[in-house]
Amino acid sequence: MPKIITIAREYGSGGRLIAQKVAEKLQLVYYDNEIIDLAAKELGIDVDTIRRVSEEKTSSFMYTMSSSAFTLPLNDQVFAMQSKIIRHLATYDSCVIVNGCADYVLEDYDNVLTVFIHAPFESRLKRVEEEYKEEHDNAKKFVMKKDKNRTNYYNYYTTKKWGQLKNFDVTLNSDLGLDECANIIVDLYNKM
């Protein structure tokens, strides 16, 4: 039976880097943007378009402007397709999935370790500027906007609230160190 690790993260926490380290240490397949790419292929829509809507919730304006009586808004189609892909991946192969809603999508599956990576705001801001090498006119506002988008998306598409500890098996502050966080996750996975 496959064993899955889902990792949700605050923007700039290093969660993606930790997930990659975990996948490498455990020699597991790692899925992140590949899920978006697969959803785009399945829906027959340009990848860039899918990436733009993949972390945005549907608005009633978008629904009335973009849908007929039988068509879901693009955001909802993307979420449904990503959910289908995540469930398919979890059924057939042990893997690490970096996706903000994967913990929710797989909540009825056995052998899933759900992880949330967070860090103090200043640490995240520093990582975005120094390690991610991202340049923004106002990095602080950019990180806050990314957090807000992830919160809105998760709260809209799940019955849970973003970042609540009870949603996850483990939450880790990445200020402990990316390698240390990866090692903790690997140890927990090996005990499943």
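The following questions and answers go through a predicted model of a protein.

Tutor: Residues are numbered from 1 along each chain as its sequence is written. Because the model is predicted, local features need pLDDT of at least 70 and side-chain atom pairs count only at pLDDT 80 or more, while totals for chains, interfaces and linings use all residues; side-chain values use heavy atoms, with hydrogens and water left out.

Student: How many helices and strands does the protein have?

Tutor: Helices (H or I, at least four residues) and strands (E, at least two) are DSSP runs, numbered from the N terminus. From that end, the elements run β-α-β-α-α-α-α-β-α-β-α-α-β-α. The total is 9 helices and 5 strands.

Student: What share of the residues counts as buried?

Tutor: Buried means under 20% relative accessible area, exposed means over 50%, and partly exposed lies in between (1.4 Å probe, protein chains only). Of the 192 residues, the buried share is 45%.

Student: How far apart are the end C-alpha atoms of helix α1?

Tutor: Helix α1 covers residues 15-26, which is 12 residues. The expected span is 1.5 Å times one less than the number of residues. That should give 16 Å, and the end C-alpha atoms agree, being apart by 16 Å.

Student: Within what arc do the buried residues of α1 fall?

Tutor: The buried residues of α1 are Gly-15, Ile-18, Ala-19, Val-22, Ala-23 and Leu-26. The arc is taken from the directions from the helix axis to the C-beta atoms. Seen down the axis, these residues line one face of α1, because their arc is 135 degrees.

Student: Which helix is among the elements that cover the buried residues of α1?

Tutor: Contact means heavy atoms within 4.5 Å. The cover includes the strands β1 (4-9), β2 (29-31), β3 and β4 (112-118). It also includes the helix α9 (178-190).

Student: What is the phi of Gln-27?

Tutor: Most residues other than glycine have a negative phi. Gln-27 follows α1, lies in the loop between α1 and β2, and counts as exposed at 74% relative accessibility. Its phi is positive, near 55 degrees.

Student: Is Asn-111 buried or partly exposed?

Tutor: Asn-111 lies in the loop between α6 (102-105) and β4. Its phi is positive, about 60 degrees, although it is not a glycine. At 28% relative accessibility, Asn-111 counts as partly exposed.

Student: Which residues does Asp-93 contact, leaving aside its neighbours within four places in sequence?

Tutor: Asp-93 sits in the loop between α5 (74-92) and β3 (95-98), and is partly exposed with a relative accessible area of 36%. Asp-93 and Leu-28 are 65 residues apart in sequence but 8.7 Å apart in space, C-alpha to C-alpha. With those neighbours left aside, the contacts of Asp-93 are Pro-2, Ile-4 and Val-29.

Student: At what angle do α7 and α8 pack?

Tutor: Axes are lines fitted to C-alpha atoms, for helices over the stretch in contact, and angles run from 0 to 180 degrees between N-to-C directions. Angles under 35 degrees count as roughly parallel, over 145 as roughly antiparallel, 65 to 115 as roughly perpendicular and the rest as oblique. α7 and α8 are therefore roughly perpendicular. Their axes are 10 Å apart, and the angle is about 110 degrees.

Student: Which residues of α8 meet α5?

Tutor: α5 and α8 pack at about 75 degrees, with axes 12 Å apart. That makes α5 roughly perpendicular to α8. On the α5 side of the contact are Asn-75, Asp-76, Phe-79 and Gln-82. On the α8 side are Tyr-153, Tyr-156 and Tyr-157.
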